[in-house]
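Reader: I am new to this structure. Please take me through its pockets and its aromatic rings.

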Amino acid sequence: MNLSTTIAGVTFPSCFMNAAGALCVTREELEALGRSAAGAIVTKSMTIEARHGNPEPRYYGFSGGSINSMGLPNLGYRAYAELIPQLKRFGKPVIASVAGLTEDDFPTIAELINVAQPDLIEVNLSCPNIPGKPQIGYDPDASERVLKKVRPKITVPMGVKLPPYFDPAHHQVMGTMLGRCGVDFLNLINSVGNGLVVDPERETVVIKPKGGFGGLGGRLIKPVALANVRAFYKFFGERMPIIGTGGVIDGGDAFEHFLCGASAVQVGTVLVEEGLDAFQRLEAELGAVLHRKGYRSIQDCRGRLKEL
Ligand code: SIN
């Protein structure tokens, strides 16, 4: 089965890749992604300075998914700028994920990272886990300022990783804004921010940062992710490729993302829980679903969700 896909003119050998944050901080992790069946290497969202991130425990897996408050642990953008040319030798696209602690950090990082020529740059406007820093993606004016600062600094396609929205008015406002900023692709969604998981036996929260509040991922967020993929697919149609992220645990989940309009999917929780072998399993499962339903490629089923 052909599971290749194209996003903003870049061809990916497989439609499955890691979500920024999952097994992609260090050189070793990034090289392991290069050797794996993943369709791309996505870096951890990088900041100006290297960061250890938030205090541990900061990740907790449970039956419904996961909660994390990693706090952007990363090597700092200069280290990733050095690594990217080496990662490109694995022969699959490299996506550099760019974050920032201030609005001006984003263009600074993007400009230097662009020199390293990743295949795409993803601007992360949606990390919920930095104490005292609200998610930029919930502020359309701030989002527009950041994207308009980054766009002229880079020559590769620019994507945006957004938080989940829960009202059509927000899809409308953000879609209209994104249409003004030269955005080439969307990644929907980041974790569902500031959830709270409770351990009733110990009568405690399960992660240390922010009093236990953290980003939810995995199985329980799939309907939220699908809704955002669908809403933005309907807003932009074919002119805006979408990476669907959220709740992809098996090949059937990926198929649902494609029906809603995604062109590729990223996996976070399942990768952390299962390791790199998850990619081969997901590819086999999606191939079986497509075959059973008579589709020959992702393009054949993309966006074809029927309404009642
Ligand atoms: C984190 O490092 O806290 C997660 C990154 C993100 O949600 O963008």
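Author: The largest pocket holds about 700 Å³ of space. Its lining counts 41 residues, and closest to the centre are Ala20, Gly21, Ala22, Asn68 and Gly268. This is a predicted model, where local features need pLDDT of at least 70, side-chain atom pairs need 80 or more, and totals for chains, interfaces and linings use all residues. Residues are numbered from 1 along each chain as its sequence is written, and side-chain values use heavy atoms, without hydrogens and water.

Reader: What makes a set of points a pocket?

Author: A pocket is an open set of points on a 1 Å grid over the protein atoms alone, where a 1.4 Å probe fits, with protein on both sides within 12 Å along at least five of seven lines; lining residues have an atom within 4 Å of a point.

Reader: Which strands and which helix each supply at least two residues of the lining of the largest pocket?

Author: Strand S6 (65–68), strand S14 (213–217), strand S16 (264–267) and helix H8 (269–274) do. Helices (H or I, at least four residues) and strands (E, at least two) are DSSP runs, numbered from the N terminus.

Reader: How many residues line the second largest pocket?

Author: The second largest pocket has 16 lining residues, with Gly100, Lys133, Pro134, Gln135 and Ile136 nearest its centre. The volume of this pocket is about 210 Å³.

Reader: Why is the pair of Tyr60 and Phe62 called stacked?

Author: Rings of Phe, Tyr and Trp (its six-membered ring) pair if their centres lie within 6.5 Å; planes under 30 degrees apart count as stacked, over 60 as edge-to-face and the rest as tilted. Tyr60 and Phe62 have ring centres 6.3 Å apart and planes at 20°, so they are a stacked pair.

Reader: What makes Phe235 and Phe236 edge-to-face?

Author: Their planes stand at 70°, with 4.8 Å centre to centre. An angle over 60 counts as edge-to-face.

Reader: How many aromatic pairs are found in the whole structure?

Author: The search finds five. Tyr138, Tyr165 and Phe232 form one aromatic cluster.

Reader: How do you know how confident the predictor is?

Author: By pLDDT, the predictor's confidence in each residue, from 0 to 100. The chain averages 98, and 100% of the residues score at least 70.

Terms used
Grid points are joined across faces, edges and corners, and a volume is the space filled by probe spheres set on the points.
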